[in-house]
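I opened my notebook to go through this structure one item at a time. My entries follow in the order I looked things up.

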Amino acid sequence: FILQSCKADFVPHSSDVNITSFPKAGTTWMQEIAYLVDHMDLEYDESPLDVRCPFLEVRLHPLPAGLDILPTLSYPRHLKWHSALDLLPSGILENSKVIHIARNPKDLCVSYYHFARMNKHFGFVGSFNDFFDCFIKGEVPFGPFWENILSLWRQRDHPNLLCITYEELQDNLERSISKVGEFLGRELTVDQIADIASRVTFDAMSTNPLVNHSHWDKLGLRVSTEATFFRKGKVGD
């Protein structure tokens, strides 16, 4: 973990768009939505999402560290975080935009379990019951869940923070995209909203190599074949 280095070295910029979440809350979904919304009038960068919107807190070898990618980004920068707000570099909420996506913890726990078994850097080999006990105790990366999510929820009325849920995205994707656009100051047309929505459906993203993390297989980061990075994308699973 390189969180302390982030706190010491990272300086927020007024145009930054920070995507925050507890792991497996729909982070990748919101990263791609926000990036598309914020770049409708710019040339789309044909780079993997973890390069366009780097994860600054943790390095997953052999991927480059997010802090190393940071100097290569053009503004507005899009950045991913999983820690509670209290642990993030100071000034992020006051000096830049933050979009926080949350998800029903029951669905999230199931998704996190499969991710922990799939990801080489977790190396989790226990049962779901084992993982559930760890989740409830807060003994999972970026836990405890409630302390993490409440750190953002307490600031829900801050003008620089947009709180949105996985369930909202599932219920009405176009309306959620419009909400993100309004928050980022982007006046999207009906056609632009429809275009973004078509690119961020579960089927579209799960087959898009720029966002589905299929390059993890080539790098040996996926150690279990029981799940892919995009598993089901359902509510109530």
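**Salt bridges**

I searched the whole structure and found six salt bridges. I keep in mind that this is a predicted model. Side chains of opposite charge can pair when their charged atoms come close.

Entry one: Arg52 and Glu32. Their side chains meet in a salt bridge, 3.1 Å from N to O. Which helices does this pair tie together? I placed Arg52 in helix α3 (residues 49–52) and Glu32 in helix α2 (residues 27–38), so the bridge links parts that are 20 residues apart in sequence. I then checked cover. Arg52 has a relative accessible area of 3%, so I call Arg52 buried. Glu32 is also at 3%, and I call Glu32 buried too, since buried means under 20%.

Entry two: Lys179 and Glu168. I read 2.8 Å between the closest N and O atoms of this salt bridge. Lys179 belongs to helix α10 (residues 173–183) and Glu168 to helix α9 (residues 166–171), so the pair ties together parts 11 residues apart in sequence. Lys179 is partly exposed at 30% relative accessible area. Glu168 is partly exposed at 27%.

I noted 28% relative accessible area for Asp195, which is partly exposed. Arg199, at 36%, is partly exposed as well.

**Helix α6**

I turned to helix α6 (residues 105–118). It has 14 residues and reaches 19 Å from its first C-alpha to its last, close to the expected 20 Å. At its start, a side-chain oxygen of Asn104 comes within 2.8 Å of the backbone nitrogen of Lys106. Is α6 mostly covered or mostly open? It is mostly covered, with 11 of its 14 residues buried. I listed some of the buried residues, including Asp107, Cys109, Tyr112, His114 and Met118.

**Cysteines**

I looked for disulfides and found zero. Cys134 is in none, and the nearest cysteine sulfur, on Cys109, is 9.6 Å away. Cys134 is partly exposed at 24% relative accessibility. Cys163 is partly exposed at 22%.

**A surface patch**

Which residues make the nonpolar surface patch? I wrote down Phe128, Phe132 and Ile136, with about 270 Å². Phe132 is in helix α7 (residues 128–137). Its relative accessible area is 37%, partly exposed.

Conventions
Residues are numbered from 1 along each chain as its sequence is written. This is a predicted model: local features need pLDDT of at least 70, side-chain atom pairs count only at pLDDT 80 or more; totals for chains, interfaces and linings use all residues. Side-chain values use heavy atoms; hydrogens and water are left out. Patches are made of residues with over 30% relative accessible area and no salt bridge: like charges are joined within 9 Å, nonpolar side chains (Val, Leu, Ile, Met, Phe, Trp, Tyr) within 5 Å. Accessible areas come from the Shrake-Rupley method with a 1.4 Å probe; for residues, only the protein chains shown count as cover. A salt bridge is a side-chain nitrogen of Lys or Arg within 4 Å of a carboxyl oxygen of Asp or Glu. Helices (H or I, at least four residues) and strands (E, at least two) are DSSP runs, numbered from the N terminus. Buried means under 20% relative accessible area, exposed over 50%, partly exposed in between (1.4 Å probe, protein chains only). A disulfide is a pair of cysteine sulfur atoms within 2.5 Å. The expected span of a helix is 1.5 Å times one less than its number of residues. A polar contact is a pair of N or O atoms within 3.5 Å; within protein, one must be able to donate a hydrogen and the other to accept it, and residues adjacent in sequence count only if both atoms are side-chain atoms.
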